[in-house]
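Please look over the chain below before reading on.

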Amino acid sequence: MAIDYTSIDEVVNDFQLTIDDTSYDKDAQIYQLRLLALQGLRELKFDAEQEVKTATMLVDSTTLQVTLPNDYVKLFRIGYRSSFEDGFVSLGYKSDLTLDASISAEVGSDNYDENNPYYHVDIGRKFGVGGGNNTLGYYRINRDDNTINFSSDLAGKTVFMEYISDGISNIQPVDHVIEFTFNAAHSEDADNNGIRNSAVVFLPSTTSSTDITRFTFKLDTDPTSNTDVKFSGTDSGAVIAEKFSNVINEGYPDFRLSASNSKIKASHKSNVVTLTFSDITVVLNSFNDSNLSLNLGQNVAEHGSASIVPLLSQRLLQLGVVGDGPKVHKFCEEALRCYIYYKYIQRKRGVPANEKQMAKRAYYNEKRLARARMMSFNKEAAMQVSRKAFKQSPKL
């Protein structure tokens, strides 16, 4: 997340920290605060932030339409990219453009067809056709079908759309959760294929969808890396699981080795370890990967042809989803907190009227300040507009 934005979860958590026994909102539940935060975010997006998003869409050659984004509120502009200075060329809006391209036309363009509005124009002109026709093509928004329809000029072409977003329809991130069932050390394993020195357990990488992370077992050897797992030849599967979890969560503080990845947390019960990957930015590698399948059976050079089984089983508990939850600009953060408080006490009978009035004034004042900050216009911006308008060169 960009440094100039704060997630809604952080705003709600900070708001809860300010609540004490003397607050009028001391009985507020987390779900109520989050709901009010989302409602306030939508209001601030409309009035202060005016978040503009861009979407690239391919016009369907058959239906001559594209589907509006889920977070669409209002169209800003739509058109093509121009090769001249990478500019933007807008399409024309046509209020009588047909909303169903599959229907055949009943009125043709033949001048001798009396159904044509330009009938009897036989001198080479069509009187009544005004100027300003857009040769690039036309569009019309169909709110009932949640689509944008285009003229036939745009069939199969790529268009760019800029629109106002509601700011709360982003894909919610979901943690990736997997489960490992560890085998015991070699001498403690009845099948004689337990964990030995230099055995490796592979984990999906949090930075690449194709990479993996290696954790190497070291028999009675002090670690030199935060991906080494020190174990003893008499360790049971439960002890191995506990040591592995400690390496994931803490690393080796005594050897000044921190945890290898703060996005991965581990918990264990008996010989089962549950790994949670948080705040993922890529789709994590699946167990179909050839490296991850080695967790269930591998050969290590120093042990010859002996088969080593570090894990008895591995399974996916929850598939992670890459997303970016609702967030608010830091200029609007205080306004959002004031909105949450004001809306929570607005209809509470036990709150004095003057407290409600003060909360309302505080919200609208913070909203005014947020709008002013978001729409700042300085001298340099004014000079650039002036020079562009009058084709003047910069003054040296």
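A residue is called buried when its relative accessible area is under 20%, exposed when that area is over 50%, and partly exposed in between, with a 1.4 Å probe and protein chains only. This is a predicted model, in which local features need a pLDDT of at least 70 and side-chain atom pairs count only at pLDDT 80 or more, while totals for chains, interfaces and linings use all residues. Residues are numbered from 1 along each chain as its sequence is written, and side-chain values use heavy atoms, with hydrogens and water left out.

The chain has 6 helices and 19 strands, where helices (H or I, at least four residues) and strands (E, at least two) are DSSP runs numbered from the N terminus. Of its 396 residues, 39% count as buried. Taking a contact as heavy atoms within 4.5 Å, residues 24 or more positions apart account for 66% of the chain's contacts with a separation of 6 or more. The predictor's confidence in each residue, pLDDT, runs from 0 to 100; the chain averages 84, and 87% of the residues score at least 70. Over residues 119–125, however, pLDDT stays under 50, and the model has 9 contacts beyond four places in sequence for them. Where pLDDT is low, the predicted coordinates should not be read in detail.

A nonpolar core is a set of buried Ala, Val, Leu, Ile, Met, Phe, Trp, Tyr and Cys residues joined through side-chain atoms within 4.5 Å. The largest one here has 30 residues, and those with the most contacts inside it are Phe182, Leu203, Phe217, Phe244 and Leu275. The elements that give two or more residues to this core include strand E10 (176–182), strand E12 (212–219) and helix H3 (237–250), and H3 supplies the largest share, 5 residues. Leaving aside neighbours within four places in sequence, Phe244 is in contact with Phe182, Val201, Leu203, Phe215, Val229, Val273 and Leu275. Apart from this core lies another, of 27 residues, among them Val11, Phe15, Val351 and Ala359.

Beyond four places in sequence, Asn183 touches residues including Asp189, Gly237, Ile240 and Leu311.

Glu49 belongs to helix H2 (residues 30–49) and, at 8% relative accessibility, is likewise buried. The side chain of Glu49 reaches the backbone nitrogen of His329 at 3.1 Å.

Cys332 is itself buried, with a relative accessible area of 0%, and Cys338 is buried at 14%. With a disulfide taken as a pair of cysteine sulfur atoms within 2.5 Å, the count comes to 0 disulfides. Phe331 lies in the loop between strand E19 (327–329) and helix H4 (333–345) and counts as partly exposed, because its relative accessibility is 37%. Beyond four places in sequence, Phe331 touches Ala370, Arg373 and Met374, and its C-alpha atom is separated by 8.4 Å from that of Asp4, 327 residues apart along the chain.

Key
Polar contact = N/O pair within 3.5 Å; in protein donor to acceptor, adjacent residues only side chain to side chain.
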